[in-house]
Amino acid sequence: MSRGSSATSVDDKTLLLEYRCHPVRPEPPSPTCVPGKRSPTTAPSATPLSPLGSPTSAEPRRIVLSTHSPAALKVGTQQLIPKSLAVSSKPKNSPSRPQSFGASREPLSPDPKRAAVPILALEGEDEDDGGGALKRNLRNMSYRAAMKGLGAETEPAKASPSLKPVSEDGSALPDRSPGRSKRTLGRKRVEKRGGSFKDQPRLYQEIRERGLNSVSHESDEDLLEEALPEEPSPLGAAIVVQSYRPAQVTWSQLPEVLESGILQRISPEERKRQEAMFEIITSEYSYMHSLNILVSHFMRSEELKETMTQTEHHHLFSNIGDILTVSKSFFEDLEKRHQEHLLIPDISDIVEEHASKHFNPYISYCSNEVYQQRTLDKLLTTNPLFKETLKQIERKPECGGLPMISFLILPMQRVTRLPLLLDTVQQKTNARTAAYGAATRAVKAISKLVKSCNEGARAMERTEQMYTLQKQLEFGKKKPFPLISVSRWLLKRGELHLLLSEEAGKFRRGAGRLCHLFLFNDVLIITKKKSEESYTVMNYATLDQVTVEKVESSDPPSPPPGKAGGHLLRVVLEKDSEGRREEVVLSAETLSDRARWIAALMHREKEKPDTTPKGDLSQVEITRAYLAKEADELSLQQADVVLVLGEEDGWCWGERLRDGERGWFPQACARPITSRVAAEGNVRRMERLRIETDV
């Protein structure tokens with residue numbers, strides 16, 4: 001402490017003790033300083049104390065106290081508390097403690113302007129200034145010793161509300177205005193030269209492209225407004241990943257676009273077109289990122305590979321490595337075009353070239369889907385080591401807590417979304433320009449690829465099913481017929497209870513027994529199960545000789561023991577395997593099961609064109625992906641739109657809008673589209689795509 005006179009008395013020390021004002025030192029700043037708290041009764045006399053901090057005053061060598069320092073008894077009012085001696089626990093408040101010395105200290109700062117302003121806090125508040133410095137009401141033992149040595153006991157002063165100390169830690173600074181934060185974020189992105197959407201890539205499963213919406217579903221301006229909260233959250237804030245959030249930043253939010261002023265020079269339609277093209281680029285990067293996770297963490301995992309055979313490993317991952325290579329090449333060409341032109345001229349030529357020349361690995365991967373699903377189901381149910389190892393990999397932060405199956409189905413999702421994304425680009429392009437023709441060719445090229453993928457997967461699944469069933473069915477005394485045919489496929493299979501035969505015939509002996517039905521697109525086979533891999537044929541009939549109807553009885557028969565249900569349907573075989581007429585009553589366990597069997601048996605009627613205008617049918621949007629588990633079910637992806645043709649007991653019978661495929665799906669994985677404008681736009685889009693792409 002600076003001493004103005006050698007004859008300083010204890011009273012003067014007490015006066016200084018009460019004011020607790022420390023000197024302001026322009027250079028160098030003190031590593032720690034303990035500010036004082038002014039007493040309201042003596043505030044007018046505070047001005048004479050200012051010379052204490054004058055740079056012209058003679059300052060002796062300053063003493064830093066430690067626990068055993070003898071200087072604590074002599075210069076206790078102006079000592080510096082070392083950072084390492086700060087008490088980390090808060091003692092209980094004691095009335096006898098001189099709490100006036102506990103006023104909050106000035107923040108550590110090299111800024112002399114900040115150091116010159118004493119910052120006060122309420123006596124009862126706990127301030128966490130960070131940086132390991134002494135906190136209010138937290139005392140070191142040497143500090144207490146120094147105070148007792150002076151024999152000074154001061155009464156706690158009641159402070160009035162005032163400014164709180166500002167921490168030097170950047171995370172505790174006051175929040176900046178939204179505009180200021182965005183400008184700062186923009187400057188950081190400019191430093192990274194346009195890599196903003198690559199800084200923190202999202203998994204493809206966590207995004208939904210805006211281009212999947214109907215053109216008239218939502219306005220681009222509304223979607224851009226929704227994207228604004230996607231700015232980085234403050235440090236320490238919880239991050240909540242929401243489904244269906246926009247993919248990274250939009251084109252108009254790029255700092256280089258904002259700084260160039262180009263938004264004021266282009267039309268709103270051109271801006272929407274730029275957004276649509278840029279979204280294909282950013283979503284491809286997210287897709288490539290997810291594929292890389294699948295390859296690096298799942299396919300190349302030695303621990304996972306040791307739990308299965310080489311054949312199972314191949315069926316599980318197929319040629320996913322080739323898919324990743326194709327995606328990288330595609331993205332590199334898209335990114336190059338984006339980097340060369342701030343205003344992207346077009347990307348349709350890139351899409352057309354890759355779809356027609358480089359995307360063939362997608363056909364092979366989709367064709368392997370049936371083996372992939374069967375292999376995964378088998379490993380999960382019969383291989384505990386595989387299941388446990390897989391869970392450990394899925395828990396990794398890089399995998400986002402998502403199951404491996406969500407990564408395995410990504411190629412099917414991406415290839416079926418591309419036509420819709422390209423269609424959005426086409427619809428936002430002037431029809432009188434060359435770019436519109438290029439977009440039309442790109443849509444046709446990618447739609448042709450999707451058609452090949454669907455046909456490959458369907459053909460592989462049907463062929464594999466027929467070969468398997470040919471080995472499992474035993475005709476016995478019944479006249480056999482060749483089951484395998486290129487024009488035959490399985491529509492539905494399952495168990496029903498055979499209750500009775502209403503007319504004399506062979507089914508009377510089997511009344512109440514469990515039977516297994518195999519329904520193909522041209523023949524119905526009724527069997528008795530011998531084992532898991534063997535069925536004895538009881539009767540069969542071609543489908544054009546089969547009729548079915550729902551039986552509503554006021555007194556339905558009791559269901560079989562251990563089975564719920566008793567929902568009846570009557571099946572009539574006008575001409576069975578022996579040319580005779582047979583009529584049987586079957587019992588299904590649930591209403592939805594009965595409805596699904598009736599729909600499948602009426603397959604030929606269902607194939608007839610529906611005269612109901614599609615615009616009058618209700619529509620649903622799929623909120624989570626669903627993989628078909630039975631032959632009559634419909635595999636769906638997020639954002640798929642489905643026309644609902646019927647509902648029963650929590651299940652919907654519908655037509656997938658993008659390709660016209662029909663099947664059953666759980667009502668829980670969809671939400672209704674209530675906007676009439678959006679529904680009409682979806683129908684127009686479907687009709688246009690089917691005409692233009694011949695899908």
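Which residue's side chain does the side chain of K492 join in a polar contact of 3.1 Å? The partner is E630, where a polar contact is a pair of N or O atoms within 3.5 Å and, within protein, one atom must be able to donate a hydrogen and the other to accept it, with residues adjacent in sequence counting only if both atoms are side-chain atoms.

This is a predicted model, in which local features need pLDDT of at least 70 and side-chain atom pairs count only at pLDDT 80 or more, while totals for chains, interfaces and linings use all residues. Residues are numbered from 1 along each chain as its sequence is written, and side-chain values use heavy atoms, with hydrogens and water left out.

K492 lies in strand β2 (residues 490–501), and R417 lies in helix α17 (residues 410–427); helices (H or I, at least four residues) and strands (E, at least two) are DSSP runs, numbered from the N terminus. K492 is buried, with a relative accessible area of 1%, and R417 is also buried, at 5%, where buried means under 20% relative accessible area, exposed over 50%, and partly exposed in between (1.4 Å probe, protein chains only).

| Residue | Partner side chain | Distance |
|---|---|---|
| K492 | E630 | 3.1 Å |
| K492 | D632 | 3.2 Å |
| R417 | E209 | 3.1 Å |

Leaving aside residues within four places in sequence, K492 is in contact with residues including L517, F518, D593, R596 and W597. With residues up to four places away in sequence not counted, R417 touches Y204, I207, E209, L212 and Q638.

**An open sheet**

Five strands form an open sheet with antiparallel pairing, in the order β12-β11-β10-β9-β13, and two strands pair if DSSP finds at least two bridges between them. Because β12 (662–666) and β13 (670–672) stand at the edges, each with a single partner strand, one side of each is left without a neighbour in the sheet. The twist averages 45 degrees from one strand to the next, with axes being lines fitted to C-alpha atoms, for helices over the stretch in contact, and angles running from 0 to 180 degrees between N-to-C directions.

Although β12 is an edge strand, four of its five residues are buried.

Methods
Contact means heavy atoms within 4.5 Å.
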